[in-house]
Amino acid sequence: MKKDNLKHRDINWLYFNERVLLEAKSADTPLLERLKFLAIFSSNLDEYFKVRVSQLRQIKHLDKKFRKKLMFKANSTLQQILQTIHEQQVEFGNVIKATLSELEDHNIYVRNTSNFTNEQKQFLESLFDEQIKKFCSVHKENLELTDGTLYLAVAHPNQEYSIVEIPTENQDRFIRVPGDGHQFCYLDDAIRLNIQKLLPSKDIIGCYSIKLSRDAELYLEDDYSDIELVEKIYNSLDKRLYGQATRLLYDESMPSWLIESLKTDFKLGTVDLSPGGAYHNLSDFFSFPLPEGTEHLQYQAKPALPHPELSFKKNIFQSISTKDQLVHFPYQDFKVVEDFLTTAATDPNVSAIKMTIYRIAKSSSLADAILTALDNGKEITLFVEAQARFDEANNIKWGRIFEEKGAKVIFSIPQVKVHSKIAMVFRNENGRVKRYAYIGTGNFNAKTSKIYCDHGLFTANKKITKDLGQVFQVLERKIIVPKLKRLRVSPFTTRITFLNLIQNEINAAREGKKAAITAKMNSLEDSDMIRALYRAVNAGVEVRLIVRGFCCYLTANEDLSEGMKDNVFITSIVDRYLEHGRIYHFENGGDELMYIGSADWMTRNLDRRIEVLTPILDADIFEELKHILNLQLSDNQKARVLDLENSNKKVEQLPNEESIRSQYAIYDYLKNKLDENC
């Protein structure tokens with residue numbers, strides 16, 4: 001299979017971000033919630049420039065012969081990306097304008113310098129003098145723009161300019177101003193209104209927003225022998241602030257001479273220049289004030305449900321010992337995970353706790369539980385991923401705190417990320433040590449559990465816990481290769497297991513038996529897995545995929561003109577919550593198999609990360625998870641089709657077909673089960 005027979009991941013990712021923008025544009029999305037989707041779109045795009053565009057720029061500078069071997073056309077790819085982004089940015093601006101206009105119909109206004117009332121001007125002048133001015137920095141030359149920071153480029157006569165930093169670290173981005181209804185303005189405009197006070201000796205002819213994105217990759221050396229990896233990462237974090245420029249986003253109304261001056265002074269190329277609106281960093285819409293009386297413009301509250309078993313039993317270990325337990329976030333309360341560790345921390349029969357930390361919150365009950373366990377003399381072993389992008393500093397900080405308190409902390413494995421979400425508690429029962437395990441699809445993070453759709457399995461199954469013990473021995477570097485019977489663990493057994501399971505379905509289809517593969521993941525990119533799916537589709541296997549992000553699956557045939565076969569259908573769900581769970585289901589000749597875990601079908605997840613997937617062995621849990629998966633497969637309200645044309649069209653609701661919005665249907669399903677259990 002030629003490389004060209006796959007969609008390019010970086011180009012296809014843009015169509016995922018387009019799906020986010022479509023939610024911001026949708027009349028079905030409550031008005032104030034549309035601002036959050038605009039914030040997600042903006043935040044996604046910022047990270048994309050910092051990471052993916054940065055990598056393309058690095059590849060662009062490689063030797064041409066080497067690029068040819070990679071079959072990588074960096075220049076043409078970059079041009080296509082920038083053209084697509086420009087088109088999306090224009091639409092992004094249109095959606096913002098339309099959304100703010102609709103907000104005015106509900107007496108919510110975002111004012112600017114062109115329409116401030118005299119009362120608002122006086123208010124902002126006083127506020128500036130008393131609270132804002134002291135945080136504003138003025139730069140005239142030799143300024144190194146910090147990544148992601150907001151600035152105003154202030155134009156003076158004779159083609160001179162100054163740079164003023166907007167202090168969003170010290171001030172709220174949105175300021176409530178006096179007036180009827182609910183009136184706000186950007187911090188940017190409060191500074192624009194008072195800009196002369198910052199530059200009293202200068203004539204000012206214009207004031208324009210700019211923001212620079214920089215390369216966020218650390219490009220650490222491959223040789224880790226001379227210094228701890230964690231120290232290298234920690235000492236390299238500041239490089240992000242001043243890495244290679246990848247995009248200057250500027251107000252498109254800026255005069256050409258100022259654009260050229262910025263381009264020259266900051267050593268930018270034409271490809272680095274990106275025109276935009278008058279306001280940047282619109283991820284700050286996440287913090288847009290929600291006025292009282294506007295609840296009808298927000299999502300209806302759906303409080304996290306208690307777990308029907310774990311939330312009501314006094315002894316969580318007895319519940320897990322009796323029967324496997326499955327939890328679903330954000331539909332159910334993350335407190336059950338916190339209780340699992342909090343109980344272990346104070347239980348006199350618990351001797352040890354081991355767990356992985358990929359993204360830990362800045363403050364959390366989980367961290368408190370670990371500290372309590374240490375105070376109570378428990379043996380704590382933590383595997384802290386120091387390479388979790390944008391969370392490195394926080395992870396390292398917590399790792400060092402735990403280490404100082406007496407925990408055994410292991411920071412990363414060189415060149416291999418520990419992406420698994422696993423924990424194990426060792427408890428003395430009847431003269432023996434019994435192991436209790438948790439294996440999830442999402443991070444141990446209470447904050448993200450409120451918006452990420454994830455699943456987690458609690459189990460005391462001896463075969464699973466024995467396998468998990470092997471995984472922890474690998475992480476502790478006591479063994480190199482684990483001996484596994486139930487779990488699938490990257491980079492050891494995940495790829496070969498999935499390839500064999502796909503081949504089993506192919507064999508069944510060729511024998512005229514029912515054959516089906518259903519897989520839900522964040523991203524589909526690995527060429528070997530896609531090649532196997534091509535073979536399955538062509539053999540007659542029913543393939544049904546749900547892929548939230550980028551999907552490199554192009555066609556089931558070598559001949560692109562033939563298009564996809566009818567027995568593959570791929571959708572993506574972008575809704576109130578972020579779909580994050582990974583579920584893999586195989587018909588397996590009638591003896592169905594299902595796995596959940598941390599791994600997508602991406603090369604990095606299969607070959608370069610420690611990932612753990614567990615089979616679902618309990619029949620009741622199997623049916624529950626299968627029902628949830630089927631609800632997502634049946635979504636005809638928020639699901640969009642991933643087709644060859646990247647159309648992002650909605651799944652068609654057939655006449656007389658029930659309307660299914662899967663995230664709400666899952667909540668109702670779990671709530672009904674809870675009511676039946678109580």
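**Helix packing and burial in the predicted model**

The axes of helix α11 (residues 335-346) and helix α12 (residues 365-375) come within 8 Å and cross at roughly 10 degrees. Axes are lines fitted to C-alpha atoms, for helices over the stretch in contact, with angles from 0 to 180 degrees between N-to-C directions. α11 is therefore roughly parallel to α12 (under 35 degrees; over 145 is roughly antiparallel, 65 to 115 roughly perpendicular, the rest oblique). Their crossing is left-handed, meaning that the near helix is turned anticlockwise from the far one by less than a right angle; clockwise is right-handed. From α11, Val-337, Glu-338, Leu-341, Thr-342, Ala-345 and Thr-346 meet Ser-365, Leu-366, Ala-369, Thr-372 and Ala-373 of α12. Contact means heavy atoms within 4.5 Å. By class, this contact has six nonpolar, four polar and one charged residues. Nonpolar covers Ala, Val, Leu, Ile, Met, Phe, Trp, Tyr, Cys and Pro; charged covers Asp, Glu, Lys and Arg; the others, Gly among them, are polar.

The model is predicted: local features need pLDDT of at least 70, side-chain atom pairs count only at pLDDT 80 or more, and totals for chains, interfaces and linings use all residues. Residues are numbered from 1 along each chain as its sequence is written, and side-chain values use heavy atoms, with hydrogens and water left out. Helices (H or I, at least four residues) and strands (E, at least two) are DSSP runs, numbered from the N terminus.

Helix α18 (residues 619-633) packs on helix α19 (residues 662-677) at about 150 degrees, with the axes 8 Å apart. The pair is therefore roughly antiparallel. The crossing of α18 and α19 is right-handed. Glu-624, His-627, Ile-628, Leu-631 and Gln-632 in α18 meet Ser-662, Ala-665, Ile-666, Tyr-669, Leu-670 and Lys-673 in α19. This contact has six nonpolar, three polar and two charged residues.

Helix α15 (residues 494-510) has 17 residues and reaches 25 Å from its first C-alpha to its last. That is close to the 24 Å expected, taken as 1.5 Å times one less than the number of residues. Buried residues of α15 include Phe-498, Leu-501, Ile-502 and Glu-505 (buried, under 20% relative accessible area; exposed, over 50%; partly exposed, in between; 1.4 Å probe, protein chains only). Just after α15, Gly-512 takes a positive phi of about 80 degrees.

Leu-124 lies in helix α5 (residues 118-132). Leu-124 is buried, at a relative accessible area of 0%. Beyond its neighbours within four places in sequence, Leu-124 contacts Phe-116, Ile-175, Val-177, Cys-185, Ala-190, Leu-193 and Asn-194. Leu-124 and Pro-178 are 54 residues apart in sequence and 9.7 Å apart in space, C-alpha to C-alpha.
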